[in-house]
Amino acid sequence: MNVFRGLEGIRGKGVFRNEDAFNPEFLPEQVIGRGKEVRELAFNLKPVSEKRRPTSMVLYGPPGTGKTCCTRHVLKELTEYTQRAEPIYINCWRHSTRTAILSVILEKFDMINPRRGISSEEVLHRAVELIRKSGKTPIIVLDEADALIDGEESGVFYDLLRMGETEKLNVGVVAITNREDILSLLDRRIRSSLMQADVEFKRYTPGELKEILKDRAKAGLVPGSWDEEALGVCAAFAGKNGGDARIAITLLWLAGRRAEAGSGRITVKEVEESKNRVLQEIKEKREELLDEEDKALMEFIKKKGRATSGEIYAAFRGSERAWREHLGKLESMGLLESEYLREEGKKGRTRVFRAKL
Ligand SMILES: Nc1ncnc2c1ncn2[C@@H]1O[C@H](COP(=O)(O)OP(=O)(O)OP(=O)(O)O)[C@@H](O)[C@H]1O
Ligand SMILES: [Mg+2]
């Protein structure tokens, strides 16, 4: 018998009422416990509503501390408040080159699909022209900007600088990064013009995580289908693993899945049994952002166990620079780690890569 027919009549035990509430893209109705950060973001962006230049900023903090969530929340409220803002959200893992980023900006203002194969210069030029014509202020969010800051594509920061300074457009930039330490690598001009304010996101405490979970449970689960204690265990686990709300929410979701297939209720038992899956689950979600080149690189490195940059460039054709960019992206996504090798008598530095987890 068809496996699906065999399942007919067997219904899940109704734990989820809106499973989407556990998706990474889900934007909660309210942001819990980040009032200060949200107000700071809003304060910096508010000048847009008076046709003045917003304060560009950098948001930094460890994974799962609400940087993306707070930014999306503030942008949503900003567009409700004023029509003068044009928010452009760019995930730099998805769009990881200078041209790709400029194209996303252009597409926001260009009704006609931009022609393929035009240079970054042309894309920039056309974007500037159209932004000026629109009379709107773009708020450009560069999320997961780590690889840009650290890598070869940092040129895009100069493009944005040019938009603001040479072209005198009122652009606002919100750069989001996990790594405060790499900010010092940036040119002083970029720091002072595109990162005028820093907003730090600290790790959540177990208490804060529990409040986030309570709210998420209400949004996503059938009333009465969970034990309060189970949320506490999720919060404690995430608290120990970096104060990361993504871990807390994913753990609750996995426990929900387990409950649905079994007891019909999320208790401490379902949470305990799901703990060993959480980190893997998060990694798999992240891997959905990989393109073909990234995947080929990951496979190559996993197969070999470890691979030096030389071995990688020898195995993959095309420009070294492009592959270096992919490696930078994979590293900033936490999928690869690397260290420099010291080789006697050799000039230049070789890096050796390994898959993480
Ligand atoms: N204060 C909060 N209130 C409600 N939900 C939150 C809050 N903070 C984070 N979350 C949720 O936790 C998850 C992770 O948060 P978010 O994606 O904003 O983290 P991040 O700081 O951007 O992490 P990363 O550096 O890994 O990108 C998301 O599902 C988000 O909706
Ligand atoms: Mg984020």
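**Figure 1. Strand S4 and its two covered faces.** In strand S4 (172–177), both faces are covered by the rest of the predicted model. Gly-172, Val-174 and Ile-176 are buried on one side, and Val-173, Ala-175 and Thr-177 are buried on the other. In a regular strand, side chains alternate between the two faces of the sheet. Six of the six residues of S4 are buried, so the strand is largely enclosed by the rest of the structure. A residue is called buried if 20 or more other C-beta atoms lie within 10 Å of its own, exposed if 12 or fewer do, and partly exposed in between, with C-beta atoms placed from the backbone. Strands (E, at least two residues) and helices (H or I, at least four) are DSSP runs, numbered from the N terminus.

The model is predicted: local features need pLDDT of at least 70, side-chain atom pairs count only at pLDDT 80 or more, and totals for chains, interfaces and linings use all residues. Residues are numbered from 1 along each chain as its sequence is written, while chains are lettered from A and ligands numbered from 1 in the order in which they are written.

**Figure 2. The open sheet around S4.** Five strands form an open sheet in the order S2-S3-S4-S1-S5, with parallel pairing. Its edge strands, S2 (85–91) and S5 (197–200), each pair on one side only. Two strands pair if DSSP finds at least two bridges between them. On average, neighbouring strands are turned by 15 degrees against each other, direction ignored. S4 is joined to strand S1 (residues 57–60) by four bridges, and Tyr-60 stands opposite Thr-177 in S4. S3 and S4 also pair in the parallel sense, over four bridges, with Val-141 opposite Val-174.

**Figure 3. Strands S2 and S3 with helix H4.** S2 and strand S3 (residues 137–143) run parallel and are joined by seven bridges. Ile-88 stands opposite Ile-140 in S3. Helix H4 (residues 98–109) lies across both strands and runs at about 150 degrees to S2. Axes are lines fitted to C-alpha atoms, for helices over the stretch in contact, and angles run from 0 to 180 degrees between N-to-C directions. Contact between two residues requires their C-beta atoms, placed from the backbone, to lie within 7 Å.

**Figure 4. Two residues with positive phi.** Most residues other than glycine have a negative phi. Glu-144 has a positive phi of about 55 degrees and is found in the loop between S3 and helix H6 (146–150). Glu-144 is buried, with 23 other C-beta atoms within 10 Å. Phi of Lys-168 is also positive, near 55 degrees; this residue is found in the loop between helix H7 (155–165) and S4. Lys-168 counts as exposed, with 11 C-beta neighbours inside 10 Å.

**Figure 5. The shell around ligand 1.** Ligand 1 is surrounded by 20 residues, and the closest are Pro-63, Gly-66, Thr-68, Cys-69 and Ala-245. A residue is near a molecule if its C-beta atom, placed from the backbone, lies within 6 Å of it. Helix H3 (67–81) and helix H11 (245–261) are the elements that give two or more residues to the shell. Domain 1 (35–200) and domain 2 (204–287) both give residues to this shell, so ligand 1 lies between them. Domain bounds come from an automatic or database domain assignment.
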